[in-house]
Amino acid sequence: MKIHMIGHASLLVETQDARVLMDPVLWDPFCEGLNETCPKREVFPERLPEFDFLVISHQHLDHFDLRSLAYLPKHVDVLIPPDPLIKSTLQELGYRNVYALNDFQKVKIGSTILMPTRSEIRVPEFGMVFADPSGVFWNTVDTYFAPPTIRTVQSHFPQIDFLLSTWHISLEVKYQLNQSISFPFALYGELLRLIQLISPEAIAPGAQGWKYINEAAWQNQVVFPVTRERFCHDVAQVLPEIHDRIYVLDPGDTFTLDQGTYHLEVGGCEYARMVEDDRDQIEFSPVNVGSALRDANPANENVAQMHQVIFQEMSVAFSEFIQENLQTLFASHCQWQVIYQLEVVFPDGQRTWQIDFSQADVRAIEKRNPLANFFTYITASSLYALIQKRRDWDYLFCSGEYRQFHKVYQVSSAGLAILPEGLLEDPLSLKYSARYVAGGGVKAELAKLKAQGSIVSSPTQIAEPNYPMLNLGNMLIKVKGDRLREPVNS
């Protein structure tokens with residue numbers, strides 16, 4: 001069996017007896033101009049081979065693309081969920097042989113079996129199992145596959161050789177509905193548990209290869225909480241026995257399974273190819289959604305000097321501070337395998353450092369890390385002022401020049417453990433907060449007032465007798481002096 005990845009959820013499966021095209025989206029953008037495939041791709045529709053079956057998993061427009069369906073041949077057999085809108089639309093487009101399948105209703109051609117799998121989501125949809133003598137491939141597409149569905153599939157096909165899996169817990173419309181845009185720990189943990197129940201011989205992340213574009217692009221920072229790399233890393237913790245059989249399929253790749261052997265051919269597809277890996281554009285950053293952090297440089301600091309000082313601080317002083325306190329201040333960071341990512345926003349761009357507490361050599365390195373799980377964003381001028389001890393850490397929370405969030409959890413074959421609230425502090429705050437640099441902002445303000453001559457002494461013509469208060473146990477007592485006023489009569 002050979003799987004050709006066209007992009008996002010679009011693929012063509014060659015079994016021993018048939019070719020099956022599933023969820024074809026052949027042009028970008030799609031979804032009424034809102035989305036395009038990510039990684040970026042190019043498709044050559046005229047090179048598509050003849051195929052026997054067309055499968056539509058559900059009516060969402062990133063799977064049910066009318067432009068593509070209008071282009072494709074109309075004589076093929078079309079397999080759909082029981083959705084009247086999909087069926088009537090296909091008939092209007094000229095498709096004559098449209099079959100609405102019930103859950104687990106098999107389609108057989110020669111030695112090949114296709115079987116739709118149930119979804120718990122309200123939109124009529126299905127995943128699809130492809131089986132022939134070479135093996136069993138389950139494409140879950142966007143479905144939520146509950147334990148009863150897994151048990152039913154396994155009753156028909158005890159071994160799943162390759163799982164193209166749902167892998168994102170997308171946070172679409174959460175922002176618009178004023179709902180939580182925090183990392184969905186519980187749902188993600190449940191997804192990993194379900195994958196563990198399936199226990200496939202090999203796996204790859206499936207659909208969700210798209211991004212928002214143009215006016216809708218701001219949503220990319222809030223919709224996709226898991227990176228592809230992190231998902232593969234977590235699956236390896238949940239299913240350590242298949243750690244060397246976790247694959248990723250980019251547009252234009254092909255994947256072959258044959259009785260327990262697997263082969264990924266990068267760029268092996270003749271009618272699709274990856275143009276650019278632009279997945280950095282869908283980096284989850286809920287604290288920046290709709291309003292990117294910018295450095296207005298209010299003190300008009302020398303930008304080149306800020307670059308030099310901050311680079312030196314990160315490379316030397318910050319790294320040394322972490323290493324010196326690794327067993328004390330940062331013990332929990334090591335225990336929870338924090339991968340810290342710090343983005344410093346300069347007036348002329350951004351620079352990013354990562355600190356991987358899961359490694360033996362823990363130091364700040366200037367690079368991004370797709371496995372990062374603790375994120376801090378700060379303006380360069382604020383960080384520069386902290387380094388120079390001219391600002392207090394508390395200033396950042398009122399200035400709006402600092403943002404932070406995390407998605408720290410631990411995954412094992414026993415499941416997903418969620419970080420207890422308040423356990424981890426931002427490494428930056430441990431270096432520059434009051435416990436390390438006491439009163440930086442207060443001292444700077446005091447020095448400024450002194451330099452301006454703004455500190456007014458008491459008038460010299462008034463004698464100021466010194467009567468300090470007495471400390472008696474838990475009470476301070478003021479001793480009356482000549483200058484204390486008489487009580488005011490009521």
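User: What distance does α4 reach from its first C-alpha to its last?
Analyst: This is a predicted model, in which local features need pLDDT of at least 70 and side-chain atom pairs count only at pLDDT 80 or more, while totals for chains, interfaces and linings use all residues. Residues are numbered from 1 along each chain as its sequence is written, and side-chain values use heavy atoms, with hydrogens and water left out. Helices (H or I, at least four residues) and strands (E, at least two) are DSSP runs numbered from the N terminus, and the expected span of a helix is 1.5 Å times one less than its number of residues. For α4, with 14 residues, the expected value at 1.5 Å a residue is 20 Å, and the reach is close to it, at 20 Å.

User: Which residues of α4 are buried?
Analyst: Relative accessible area decides the class: buried is under 20%, exposed is over 50%, and partly exposed lies in between (1.4 Å probe, protein chains only). In α4, the buried residues are Phe 185, Tyr 188, Gly 189, Leu 191, Leu 192, Leu 194, Ile 195 and Ile 198.

User: Which element gives the largest share of the lining of the largest pocket?
Analyst: On a 1 Å grid over the protein atoms alone, a cavity is a set of points where a 1.4 Å probe fits but cannot get out, whereas a pocket is an open set with protein on both sides within 12 Å along at least five of seven lines; lining residues have an atom within 4 Å of a point. The largest pocket is lined by 35 residues, of which Ile 121, Asp 142, Ser 170, Glu 172 and Gln 208 lie nearest its centre. Two elements give two or more residues to this lining, α4 (185–198) and β15 (210–212). The largest share, 4 residues, comes from α4.

User: What is the volume of the largest pocket?
Analyst: Grid points are joined across faces, edges and corners, and a volume is the space filled by probe spheres set on the points. By class, where Ala, Val, Leu, Ile, Met, Phe, Trp, Tyr, Cys and Pro count as nonpolar, Asp, Glu, Lys and Arg as charged, and the others, Gly among them, as polar, the lining has 16 nonpolar, 12 polar and 7 charged residues. The volume of the largest pocket is about 1,000 Å³.

User: Which residues lie closest to the centre of the second largest pocket?
Analyst: The second largest pocket has a volume of about 490 Å³. Its lining divides into 15 nonpolar, 9 polar and 8 charged residues. Of the 32 lining residues, the closest to the centre are Thr 227, Arg 228, Glu 229, Arg 279 and Ile 282.

User: What is the geometry class of the aromatic pair of Tyr 175 and Trp 218?
Analyst: Rings of Phe, Tyr and Trp (its six-membered ring) pair if their centres lie within 6.5 Å; planes under 30 degrees apart count as stacked, over 60 as edge-to-face and the rest as tilted. The whole structure holds 24 aromatic pairs. Tyr 175 and Trp 218 lie 5.3 Å apart, centre to centre, with 65° between the planes, and their pair is edge-to-face.

User: Are Trp 210 and Phe 224 buried or exposed?
Analyst: The ring centres of Trp 210 and Phe 224 are 5.0 Å apart and their planes stand at 75°, so this pair is edge-to-face. Trp 210 is in strand β15 and Phe 224 in the loop between α5 (220–223) and α6 (228–238). With relative accessible areas of 4% for Trp 210 and 2% for Phe 224, both residues are buried.
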